[in-house]
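This briefing looks at how selected strands pair and at how the chain divides into domains. Please keep the sequence and the structure in view while reading.

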Amino acid sequence: MLKGKILVLGELTPPYHKSSTGDDTVLLIREPGVLKPSQLITRVKSDPLIKGVICPLGQEVNSRVLGSLSQLRVISNIAVGVNNIDIEAAKRQGVRVAHTPEVLTAATADLAWALLLGGARRLVEGDHLARSGQWGGWEMNQLLGQSVGRYLSYDIEGEDESKSKDESKSEDESGQGVRSIQNTLGVIGLGEIGKAIARRAQGFEMRVVYHNRTRKNKLEREYAWEYMSLDDVLRESDYVVLALALTPETRHSITRERLSLMKSSAFLVNIGRGALIDEEALIEALESGHLSGAALDVYEREPLIPDRLRALERVTLSPHLGSATVAARRAMSHLAIESAVSVIQGGRLRGRFVV
Ligand code: NAP
């Protein structure tokens with residue numbers, strides 16, 4: 001017997017269907033994409049059997065939606081972050097909110113590193129040059145980027161990107177001072193993804209400093225990660241990665257003043273949410289050359305990416321691809337369905353829920 005329908009807004013990544021629903025008690029029906037809140041209300045009301053919605057993070061589910069739809073039992077977000085949903089309103093209305101943590105952690109941490117490495121080593125600029133037909137062959141000073149992993153350098157007078165970094169000194173056979181220099185990675189937000197990003201830094205022999213609402217003493221002991229205030233992470237780091245959830249408390253964590261604390265050689269990566277940073281202030285910091293570069297997967301008003309940001313050369317932009325691997329998207333689809341279906345079937349809940 002049909003117990004209810006779930007409205008799926010946009011695509012899922014198959015295969016997922018049979019293994020998730022398992023029987024014919026719950027039917028998935030589709031809309032091609034996200035809807036305005038008023039359209040979502042109208043669509044759900046058009047069919048009293050719709051008891052659940054599976055949606056991507058671009059779907060706003062505000063208090064008006066939740067207050068208007070007493071038939072709804074579950075919103076299942078195909079994302080770990082739930083900043084598009086009014087959680088307090090969901091609680092008030094007794095609507096379950098599901099999300100897809102953990103199955104996207106590795107993919108998103110990998111993308112953070114892809115952005116960091118690609119940005120530091122000017123991979124996108126290099127790709128453009130290689131395709132342009134203008135490349136004239138290997139050149140000594142072409143597209144020089146920044147070191148990421150531990151590296152060796154000689155004591156050379158003048159400009160040196162290694163100044164103020166952690167270093168150990170030794171001498172080579174000619175008696176010249178050789179310095180082994182370590183970059184510092186600053187992770188802001190040491191949740192599942194932040195931890196996975198920090199763990200990956202071990203292979204690059206980087207020093208890891210972090211800031212998080214909750215201090216992680218066990219991880220500090222296990223990996224020699226150093227806890228610092230947010231301002232100190234910004235001051236100390238050569239690379240800063242933002243991996244925080246977006247909440248009213250974390251919105252604009254990175255202000256103009258905080259950007260000014262960063263080293264002028266520092267590089268900023270954001271895979272959390274765009275509004276964690278004051279985007280206008282970031283653009284100004286990049287335009288003025290205060291930051292050496294940035295690599296962004298997320299933006300304050302997606303899908304809008306400001307023209308001034310797109311015009312900057314030392315900025316790598318990806319279109320919110322954090323979890324975009326086949327494996328992660330399949331697992332997210334499966335989990336989103338599993339959670340929504342289990343609410344409507346009743347009995348023991350399966351899946352992952354915020355409330
Ligand atoms: P998670 O394990 O739940 O970690 C959430 C992080 O945000 C933790 O560091 C947590 O600190 C912090 N946080 C939450 N609420 C806070 C508050 N009110 N004040 C200060 N800090 C707060 O989630 P995750 O899997 O690591 O994902 C983190 C975020 O990455 C997601 O929320 C999402 O926005 C983003 N993300 C982006 C992509 C992408 O495609 N670019 C993909 C996946 C996720 P505590 O440890 O103290 O709780």
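In this predicted model, strand S13 and strand S14 (residues 293-296) run parallel and are joined by four bridges, with Phe267 in S13 having Gly293 as its bridge partner in S14.

**Surroundings of S13**
- Strand S12 (residues 239-242) also runs parallel to S13 and is joined to S13 by four bridges, and within this pairing Tyr239 stands opposite Phe267.

**The antiparallel sheet**
- Three strands, in the order S6-S8-S7, make up an open sheet whose pairing is antiparallel.
- Because strand S6 (151-154) and strand S7 (166-171) each have a single partner strand, they stand at the edges, and one side of each is left without a neighbour in the sheet.
- From one strand to the next, the twist averages 30°.
- S6 is joined to strand S8 (residues 177-182) by four bridges, and Tyr154 stands opposite Val178 in S8.

**Domains**
- The protein chain is divided into domain 1, covering 4-104 + 326-345, and domain 2, covering 105-131 + 146-152 + 170-317.
- The centres of domain 1 and domain 2, taken over C-alpha atoms, are separated by 33 Å, while the contact takes seven residues from domain 1 and nine residues from domain 2.
- On the side of domain 1 that touches domain 2, three residues are nonpolar, three are polar and one is charged.

Notes:
Residues numbered from 1 in each chain as written. Predicted model: local features only at pLDDT ≥ 70, side-chain atom pairs only at ≥ 80, totals over all residues. Pairing = 2+ DSSP bridges. Helix = DSSP H or I, 4+ residues; strand = E, 2+ residues; numbered from the N terminus. Axes fitted to C-alpha atoms, helices over the stretch in contact; angles between N-to-C directions. Domains from an automatic or database assignment. Contact = placed C-beta atoms within 7 Å. Nonpolar A, V, L, I, M, F, W, Y, C, P; charged D, E, K, R; others polar.
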